[in-house]
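Here is a short briefing to read alongside your sequence and model. Have both open as you go through the points below.

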Amino acid sequence: TLFRSPVSRGVIGTKSQNEYVERAVAAYGHKVLETLEQSNDKSKPLFDIVDATGMTIEVLSGVVDRMAKSGMVEIVRTDKYGNHNIKITPVGEEML
């Protein structure tokens with residue numbers, strides 16, 4: 001996991017963790033993919049995605065983790081402050 005979100009901290013239980021992340025991906029995944037697609041090199045720092053989508057970093061981290069596991073995005077550069085660079089993959093482009 002990229003961040004210590006409420007899900008990863010155990011604030012949200014195991015059963016609802018999957019439901020929470022799945023709902024977030026369903027609600028915000030398309031926004032994330034569109035934001036990346038519109039970028040010149042099809043990638044953006046995570047904090048820029050937060051600004052572009054209006055999502056909180058906690059929600060976005062879970063969404064990006066799930067999307068990366070599904071092959072829709074990849075983390076192309078990590079940052080010690082958490083501002084990882086995220087890039088859309090061909091799988092993600094097909095979903096638009």
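**Confidence first**

The protein chain has an average pLDDT of 84, and 81% of the residues score at least 70; pLDDT is the predictor's confidence in each residue, from 0 to 100. This is a predicted model, in which local features need pLDDT of at least 70, side-chain atom pairs count only at pLDDT 80 or more, and totals for chains, interfaces and linings use all residues. Residues are numbered from 1 along each chain as its sequence is written, and side-chain values use heavy atoms, with hydrogens and water left out.

**A stretch to treat with care**

- Over residues 3–12, pLDDT stays under 50, and the model has 19 contacts beyond four places in sequence for them (contact means heavy atoms within 4.5 Å).

**Where H2 meets H3**

- Helices here are DSSP runs (H or I, at least four residues), numbered from the N terminus.
- The axes of H2 (residues 46–53) and H3 (residues 57–69) come within 10 Å and cross at roughly 115°; axes are lines fitted to C-alpha atoms over the stretch in contact, with angles from 0 to 180 degrees between N-to-C directions.
- H2 and H3 are therefore roughly perpendicular to each other (65 to 115 degrees).
- From H2, Leu-46, Phe-47, Ile-49 and Val-50 meet Ile-57, Leu-60 and Val-64 of H3.

**The loop between them**

- Gly-54 sits in the loop between H2 and H3.
- Gly-54 counts as exposed, at 64% relative accessibility (exposed is over 50% relative accessible area, with a 1.4 Å probe and protein chains only).
- Between the C-alpha atoms of Gly-54 and Lys-31 the separation is 9.8 Å, with the two 23 residues apart along the chain.

Note on methods. Helices (H or I, at least four residues) and strands (E, at least two) are DSSP runs, numbered from the N terminus. Angles under 35 degrees count as roughly parallel, over 145 as roughly antiparallel, 65 to 115 as roughly perpendicular and the rest as oblique. Buried means under 20% relative accessible area, exposed over 50%, partly exposed in between (1.4 Å probe, protein chains only).
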